[in-house]
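Q: I would like to go through this structure with you, step by step. Could we begin with the model as a whole and then turn to individual residues?

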Number of protein chains: 2
Amino acid sequence: MNDRILALFEESPDAYVSGAEISRRLGVSRTAIWKHIEELRSSGYTFEASPRKGYRLLSKPAKWQLTELLAGLKTKVLGRKVHLFDEVDSTQTIAHKLVASGAEEGTLVLAEMQTAGRGRMGRAWHSPAGKGIWMSLVLKPRIPVYFMPQLTLLCAVALCRAIGQTCAVDVGIKWPNDLLIGGKKISGILLESSGEDERLKYVIAGIGISANLLVEDYPEALRPIATSLAIASGSLISREKLVQTFLFEFEELYALYLEKGFAPIRLLWEAQSVTLHRPIRTMTPQGPIEGIAEGLDDSGALTVLTPAGERIKVFSGDIELR
Amino acid sequence: MNDRILALFEESPDAYVSGAEISRRLGVSRTAIWKHIEELRSSGYTFEASPRKGYRLLSKPAKWQLTELLAGLKTKVLGRKVHLFDEVDSTQTIAHKLVASGAEEGTLVLAEMQTAGRGRMGRAWHSPAGKGIWMSLVLKPRIPVYFMPQLTLLCAVALCRAIGQTCAVDVGIKWPNDLLIGGKKISGILLESSGEDERLKYVIAGIGISANLLVEDYPEALRPIATSLAIASGSLISREKLVQTFLFEFEELYALYLEKGFAPIRLLWEAQSVTLHRPIRTMTPQGPIEGIAEGLDDSGALTVLTPAGERIKVFSGDIELR
């Protein structure tokens with residue numbers, strides 16, 4: 001039925017098609033039409049809906065241009081092997097399986113759509129088709145597990161820099177690795193690791209970037225807290241360009257990190273942070289903590305100065321900017 | 001054929017059976033008999049071989065007494081759910097699968113025999129049937145990935161204390177978690193972890209204890225570097241008793257650690273160490289390091305004082321005592 005509805009819109013590009021007409025020609029109820037339009041929306045089609053004029057097809061879902069992506073790649077290792085999928089449960093799940101069957105460092109998993117995209121702390125991640133960058137990157141750094149949180153911060157810095165170079169938005173990092181534009185979330189980063197004693201065996205960096213989602217692509221509940229690069233900048237962005245830039249930035253920072261350690265990464269993180277020198281609140285296993293975020297320590301933990309003058313290290317969890 | 005050979009020995013317990021007799025009665029060559037005896041040995045049977053008198057069956061493979069194990073368990077959580085197998089590739093592999101299908105903290109996997117037991121750094125671990133303690137313990141500590149190496153050290157302390165209470169041997173810890181008796185290895189510990197950003201999702205502690213292996217149970221190549229509790233103490237030990245004691249010690253130290261942090265564990269580790277204040281050598285990604293092992297830092301790294309007076313932290317790898 002969705003195909004037949006799309007065919008109707010193809011007949012008259014850019015024009016409104018009334019609900020009455022669709023109903024008459026396809027023999028379905030107005031409620032059924034609304035349900036099918038919603039399904040098409042979740043597959044990446046954008047419609048304008050007018051109570052009087054009906055529906056108008058604004059855009060079809062974008063498809064990854066893999067040839068273009070690979071042609072413009074300036075990295076040596078990262079993204080040199082790409083696995084592209086139309087639809088997956090989660091690119092993280094795919095990447096874990098690829099590593100189990102021998103995938104090498106730099107292997108990239110891309111999907112147009114995730115049906116069960118995962119965010120931090122078991123939360124869901126909204127990943128509609130063609131609108132975003134839903135990807136997982138395989139890393140095999142020869143560093144101790146101990147340094148894992150530093151990689152999380154490095155990833156946020158690379159993404160923040162890549163976004164800054166690709167579109168005209170003012171993006172900042174909320175500890176540890178949320179990217180915000182005007183206080184709203186633009187991307188999610190989730191690093192899953194596998195370790196053996198003190199050594200990391202591999203890391204899978206899951207990165208979700210809300211690139212070209214429009215306001216109507218978000219469920220109501222997400223609209224107050226999430227935004228996209230398209231909404232913030234006022235124009236659609238090239239997903240290929242952003243991935244190329246991100247991988248290049250990541251590779252440069254990663255080489256710097258493996259050679260010089262965390263110090264230069266920390267400075268870059270602090271420069272992009274929207275967390276530092278601000279009052280924050282967070283829950284820890286020992287109870288709530290409030291105070292001023294002062295900086296990062298060597299392990300990547302956030303140092304918080306409490307009103308009582310105590311300095312507390314926050315290793316884990318979410319913080320709330322106040 | 002192995003069954004028929006065993007039947008011959010059962011006919012005359014404690015007596016020698018000559019190769020000639022086995023050969024005549026079963027209609028197989030002397031070489032074939034030798035091969036079958038070797039197979040039986042690797043399944044946990046012990047034979048004495050005399051060039052003139054033939055073979056004598058000394059002992060049959062021990063079987064885990066699960067009822068006895070559970071009855072004497074003094075823990076609240078650890079080992080309260082046990083999965084026992086006759087033969088597995090590796091108890092670690094089984095435990096990973098159990099966690100994926102929801103196994104809880106404290107779940108214990110025991111096997112009489114591992115066909116592909118894993119040691120640190122991808123090494124094989126010799127795990128013949130009935131002779132040792134080959135087990136994996138599921139842990140879900142609410143601690144940052146950052147603290148993972150501390151758990152590795154805690155595990156070594158718990159095992160060292162349990163062995164000390166169970167048999168009369170002088171056992172010490174070589175950094176980070178090898179247990180040695182008279183310079184020879186008695187056990188191996190391998191902690192595999194799964195993390196999400198800065199949080200540990202779960203840890204699987206793989207523990208191999210060479211309990212009742214005799215010298216002839218070891219391949220020639222291992223004899224200069226490995227020993228067992230039975231060899232060192234001169235008598236067979238109760239595997240059930242040792243597992244009960246280990247789980248109890250681990251649970252006590254684990255509770256102490258989660259409440260008070262690493263400081264008390266560090267003191268216990270240092271007290272049991274055979275590494276401290278001795279010259280050591282190790283390879284790091286930056287090259288070889290030689291010096292005196294001074295102590296542990298907060299992360300569990302070994303601090304080494306070099307001849308040039310420099311203090312270097314060793315996070316990862318093997319050390320060589322000199």
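Q: Through which surface do the copies meet?
A: This is a predicted model. In it, 100% of the interface residues of chain B are also interface residues in chain A, so the copies meet through the same surface.

Q: Is Glu192(B) buried or exposed?
A: Glu192(B) has a relative accessible area of 2%, so it is buried. Lys201(A), at 38% relative accessibility, counts as partly exposed.

Q: How many salt bridges are there over all chains?
A: The structure holds 44. One of them joins the side chains of Arg161(A) and Glu249(A), at 2.7 Å from N to O. Arg161(A) lies in helix 6 (residues 148-166) of chain A and Glu249(A) in helix 8 of chain A, so the pair ties together parts that are 88 residues apart in sequence. Arg161(A) is partly exposed at 28% relative accessibility, while Glu249(A) is buried at 7%.

Q: What about Glu251(A), which helix is it in?
A: Glu251(A) lies in helix 8 (residues 239-260) of chain A. It is buried yet has no salt bridge. The nearest side chain of opposite charge, that of Lys76(A), is 5.2 Å away, whereas a salt bridge requires the nitrogen and oxygen to be within 4 Å.

Q: Then what lies 2.9 Å from a polar atom of its side chain?
A: The backbone nitrogen of Val77(A) lies at that distance from a polar atom of the Glu251(A) side chain. Leaving aside residues up to four places away in sequence, Glu251(A) touches Thr75(A), Lys76(A), Val77(A) and Leu78(A).

Q: Changing topic: which residues touch the most other members of the largest nonpolar core?
A: That core has 129 residues, and those touching the most other members are Leu229, Phe246 and Leu302 of chain A and Leu229, Phe246 and Leu302 of chain B. Beyond residues up to four places away in sequence, the contacts of Leu302(B) include Trp175(B), Ile280(B), Lys313(B) and Ile319(B).

Q: Which residue does Lys313(B) form a salt bridge with?
A: The partner of Lys313(B) is Asp297(B), with the closest N and O atoms 2.9 Å apart. Lys313(B) is in strand 13 (residues 311-314) of chain B, and Asp297(B) is in the loop between strand 11 (287-296) and strand 12 (302-305) of chain B. Asp297(B) is buried, with a relative accessible area of 11%.

Q: Where is the cis peptide bond in chain B?
A: A cis bond joins Trp175(B) and Pro176(B), with omega about -5 degrees. Pro176(B) lies in the loop between strand 6 (171-174) and strand 7 (178-181) of chain B. In chain A, the bond from Trp175(A) to Pro176(A) is cis, with omega near -5 degrees.

Q: Last one: what is the phi of Asp197(A)?
A: Phi of Asp197(A) is near 50 degrees, a positive value in a residue other than glycine. Most residues other than glycine have a negative phi. Asp197(A) counts as buried, at 0% relative accessibility.

Key. Residues numbered from 1 in each chain as written. Chains lettered and ligands numbered in written order. Predicted model: local features only at pLDDT ≥ 70, side-chain atom pairs only at ≥ 80, totals over all residues. Heavy atoms only, no water. Helix = DSSP H or I, 4+ residues; strand = E, 2+ residues; numbered from the N terminus. Buried < 20%, exposed > 50% of the residue type's maximum accessible area, 1.4 Å probe, protein only. Lys, Arg positive; Asp, Glu negative; His and termini not counted. Polar contact = N/O pair within 3.5 Å; in protein donor to acceptor, adjacent residues only side chain to side chain. Contact = heavy atoms within 4.5 Å. Core = buried A, V, L, I, M, F, W, Y, C linked by side-chain atoms within 4.5 Å.
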